[in-house]
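Before reading the comments below, please open the sequence and the model side by side.

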Amino acid sequence: MIELSKIHRDFLVGEQRVHALDNINLSIAAGEYISIMGPSGSGKSTLLNLIGLLDRATSGTYLLNQKDVTVLPDAQQAVTRSKTIGFVFQDFHLIPRLTAAENIALPLVLAGTAPLLREPLVSKAVREMGLSDRAHHTPDQLSGGQRQRVAIARATIMQPKILLADEPTGNLDQKSGQDVIAILEQLNRQGITVIIVTHDAHIGKRARRQLRMVDGRIESDQRRHKTGSGE
Amino acid sequence: MTMALRDIIRFSWSALIGYPTRTLLMLLAMAIGVAAVIMLTALGEGARRYVSNEFSALGTNLVIVFPGYSETSGLNPIAMVGTTPRDLTLDDAQALTRNRSIRRIAPINIGSVTASFQGRSREVAVIGSSAELLNIRHWQLAQGQFLPDTDLDRATPVCVIGSKIRAELFAEQTAVGQWIRLGERRFRVVGVMASEGRSIGVDVQDTIIIPVASAQQLFNSPSLFRILVEVKTRAAIESVKQFTIEILKARHQGKRDVTVITQDAVLTTFDRILATLTYAIAGIAAISLAVAGILIMNVMLVAVSQRTAEIGLLKALGAPQEQIIRLILSEAMMLSVLGAIIGLTLGELGCFAIRQAFPDLPAYAPLWAVATAMAVSLLTGFVFSLLPARQAARLDPVSALTGK
């Protein structure tokens, strides 16, 4: 589903050229559960953003569903993001002036879905995330865990094939973090490809496939063949 | 893949509500600009209408004849001696009635005499004229009748008095039917003028009107002060003017010694000057709208940088560049529309206040000024938010999301 070959991503920091990604070759099949770990600045987030079409490679090829998306015009990139990719961020990125339900509905709104069609999808998502009594609260009235559940509901409302999570538990306490991971694993069991970038080795080890990055390179790519790890 | 208009409006609205200070600031700027255009043009237009009303109070389609004519401007002592004007007489006035385009004429004679009634007396201005004066000047009577419609040379001893004089000479008594003394002669009061506003030059309330022949006897002078000529149609004014000049020249041994002005010509000149003034004022006020536009641009630029993360998020959620542009533009347009509406309301309220404070001044903003103010505010809102919108659309989503 995702084919990265010879991907380089260079940044210019002042006069210095920094190799954020250095010759990445990666193939990800549909339905995989992958964690990306590594020290700060190792290129984890850059890789995730590149997969999510938020960033473009300096060189190399990116095939998404057998389609070359390396240099896609902005409008098509946006459509692809909207239909196939969901993002979950460390600091949630909820719009503070919108309610939980409105935040969840945002991708549908942006895609031009009629309100009548949005309504059942949003209330289903609200129910599934256990936010029924919180749907009309604004983000500042929600706990961290609830906020991240709103963000996950938003990321999955368009039924994407791929869910990209950048440090989804980074701002959460242990308990909320575990809840969020459980939800992501549940989504993975429903067939969504889940890619998590994390610092937390404990969380990283739960993934069936674990990438370890150092200095913009994939240092190790381990698979764990036992499914349904200890929950 | 495009957002529905209703959703765009709702989203922009939530953004406006979400940043009240910024929104209020921009609304204020826009509203002041629009209100300024509306109120200033209303003032200019009001002044124009005021002057034009004052002139039509003189009468409509009026040609005014008065004695004396100087061919050259500038003072020439010899010429002045040489052109001592002939008097304008009642016969001159009669001669004018032969023209078919003239509806009515009123000769005018003025002077000042002592008026007295039962021991009360005062100096008053006296106008000698004919029955037609009432219609020519559009005056109203409060009581009784105006001067009788007789031959111009008949010196009937009757008078019509202004309301102020009525109050001073008669106090609570009935004035109509009483005899008052003007100078050495006695006149019977036949009517009282309605207390109306003054028209240029004469305060009707403080005047006594008597037949022109009586005035000639009273002042012991055959010469007229003015002849007012009312022309039937506007189109005929110029030909009547020429006719008047020619006939009076013929009657005065071929010498042109009268000046003929048309109220129309004076009015047109004033009208043109004041209309130009209104346009100039509108232009100046429009600059304040442009300033509001620049403020909108600045504040929208700040808004974009304040909401970088949000714009990054919208991109991550699949909003293409045009979508971001549409959102920012619609936000600015909503501000412009709201600001324009508030400005319109404020402007109309201001005009209302001006009209309350100065009832004589018809300070109504002309429709073109209202339309232009609204259009310019929308246009500036649009044009000046294009740059911030494009800037927002071009943000790199990755750095935008991290708030860089």
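**Notes on the predicted model**

1. In this predicted model, Phe11(A) stands opposite Val18(A) of strand β2(A), where strands (E, at least two residues) and helices (H or I, at least four) are DSSP runs numbered from the N terminus. Helix α1 (residues 44–51) of chain A packs on the sheet and touches β1 and β2 of chain A, its direction making about 60° with that of β2(A); contact is taken as C-beta atoms, placed from the backbone, within 7 Å, and axes are lines fitted to C-alpha atoms, for helices over the stretch in contact, with angles from 0 to 180 degrees between N-to-C directions.

2. Strand β1 (residues 2–13) of chain A pairs with β2(A) in the antiparallel sense over nine bridges, a pair requiring at least two bridges found by DSSP. The open sheet has four strands in the order β2-β1-β4-β5 (chain A), with antiparallel pairing. Because β2 (16–28) and β5 (67–68) of chain A each have a single partner strand, they stand at the edges, and one side of each is left without a neighbour in the sheet.

3. The largest nonpolar core has 128 residues, and Ile104(A), Leu163(A), Val34(B), Val37(B) and Ile38(B) have the most contacts inside it. Helix α2 (residues 20–57) of chain B gives the most to this core, with 14 residues. Such a core is a set of buried Ala, Val, Leu, Ile, Met, Phe, Trp, Tyr and Cys residues joined through C-beta atoms within 7 Å, buried meaning that 20 or more other C-beta atoms lie within 10 Å of the residue's own.

4. Between the chains, 22 residues of chain B are in contact with 21 residues of chain A. On the chain B side, α10(B) supplies the largest share, five residues.

5. Which helix of chain B has the lowest confidence? It is α3 (residues 77–82) of chain B, with a mean pLDDT of 48, whereas strand β5 (residues 158–161) of chain B is highest at 94; pLDDT is the predictor's confidence in each residue, from 0 to 100. Chain B as a whole has a mean of 85, with 93% of its residues at 70 or more, and the model scores ipTM 0.90 and pTM 0.70.

6. On conventions, residues are numbered from 1 along each chain as its sequence is written, and chains are lettered from A and ligands numbered from 1 in the order in which they are written. As the model is predicted, local features need pLDDT of at least 70 and side-chain atom pairs count only at pLDDT 80 or more, while totals for chains, interfaces and linings use all residues.

Notes:
Contact = placed C-beta atoms within 7 Å. Buried ≥ 20, exposed ≤ 12 C-beta atoms within 10 Å, placed from the backbone.
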